[in-house]
Amino acid sequence: MSLEQSLRQRANDQCELCSSPDSLSAYLLPPDTNARVDNSVLLCGTCLEQVNGAELQQNHWRCLNDSMWNSEPAVQVLAYRMLQRLSSETWAQDLLEMLYLDEDTQKWADRGLVDLNAEPTLDANGAQLAAGDNVVLVKDLDVKGANFTAKRGTAVRGISLSDNPKHIEGRVNGQRIVIIAEYVKKS
Ligand SMILES: [Zn+2]
């Protein structure tokens, strides 16, 4: 039986993250290079595209609410990694707190995150940002939950990077906030 056939059998011909039956194919979890049934996940076209780096559609990923409880470690690992990518969303943080991985599965899941962290964080001009950089906001930002607007031109000193390469963190008006990296430029 081919790898894809075995995965289809395990997954009942459905995407293992969102249950869609469309355009199914096998996804090998990085950093492994040798595909086997136990390190691969059957994905639909929509999931595959976003897992591979296309912009995340928040609502699509609500499916992780169910699929993170899958008994296959490979599916748990992928659900965990996707939740990490979505972790600027409160619902994703809540799911991450609930998700329990056994020790080996957790190590496996984190091994792939190193690769995600290697993706550079870029500012509005495409310049790479590093922890400790000083930046300036290039547009007004409504700060969710803090009830103020950080004005364009505001300096943010000594930023930190986050797990998500699209986000940085910095102190504005005395509060630590998450800022979208492409809304700042290095100063
Ligand atoms: Zn899917």
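A residue is called buried here when its relative accessible area is under 20%, exposed when that is over 50%, and partly exposed in between, using a 1.4 Å probe and protein chains only. The model is predicted, so local features need pLDDT of at least 70 and side-chain atom pairs count only at pLDDT 80 or more, while totals for chains, interfaces and linings use all residues. Numbering starts from 1 along each chain as its sequence is written, and side-chain values use heavy atoms, with hydrogens and water left out.

**View 1**
Start by getting your bearings: the C-alpha atoms of the protein chain fill a box of roughly 60 × 30 × 30 Å, taken along the principal axes. The chain has 6 helices and 10 strands; helices (H or I, at least four residues) and strands (E, at least two) are DSSP runs, numbered from the N terminus. Domain 1 covers 3–111 and domain 2 covers 135–186, with bounds that come from an automatic or database domain assignment. Their C-alpha centres lie 30 Å apart. Of the 187 residues in the chain, 41% are buried.

**View 1. Four cysteines around a zinc ion.**
Which residues hold the zinc ion? Cys-15, Cys-18, Cys-44 and Cys-47 do, each through its SG atom, at 2.3 Å. Donors here are N, O and S atoms within 2.8 Å of the metal (3.2 Å for Na, K and Ca), and sites may look incomplete since water is not among the atoms. Along the chain, the donors of the zinc ion follow the spacing C-x2-C-x25-C-x2-C. Cys-18 sits in the loop between α1 (3–11) and β1 (25–28) and Cys-44 in the loop between β2 (40–43) and α2 (45–51), so this pair ties together parts that are 26 residues apart in sequence.

Why is the arrangement called tetrahedral? The 4 donor atoms around the zinc ion subtend angles of 103 to 116°, and that makes it tetrahedral. For four donors, that label asks for all angles between 85 and 135 degrees; square planar (four donors) and octahedral (six) need opposite donors over 155 degrees apart and all others between 65 and 115, and anything else is irregular. Cys-44 counts as buried, because its relative accessibility is 1%.

**View 2. The largest pocket, between the domains.**
Where does the largest pocket lie? Domain 1 and domain 2 both give residues to its lining, so the pocket lies between them. Its volume is about 1,300 Å³. A pocket is an open set of points, on a 1 Å grid over the protein atoms alone, where a 1.4 Å probe fits, with protein on both sides within 12 Å along at least five of seven lines; lining residues have an atom within 4 Å of a point. Grid points are joined across faces, edges and corners, and the volume is the space filled by probe spheres set on the points.

**View 3. What lines the largest pocket.**
The lining takes in 39 residues, and Ser-88, Asn-164, His-167, Val-178 and Ile-180 lie nearest the centre of the pocket. At least two lining residues come from each of α5 (90–98), β4 (141–143), β8 (167–172) and β9 (175–180). β9 gives the most, with 6 residues. By class, the lining has 17 nonpolar, 11 polar and 11 charged residues. Nonpolar means Ala, Val, Leu, Ile, Met, Phe, Trp, Tyr, Cys and Pro; charged means Asp, Glu, Lys and Arg; the others, Gly among them, are polar.

Most residues other than glycine have a negative phi, and most peptide bonds are trans. The bond from Pro-30 to Pro-31 is cis, with omega near 5°, and Pro-31 sits in the loop between β1 and β2. Asn-12, in the loop between α1 and β1, has a positive phi near 55°. Asn-12 is exposed, because its relative accessibility is 61%. Asn-173, in the loop between β8 and β9, also has a positive phi, near 55°. At 59% relative accessibility, Asn-173 is exposed.
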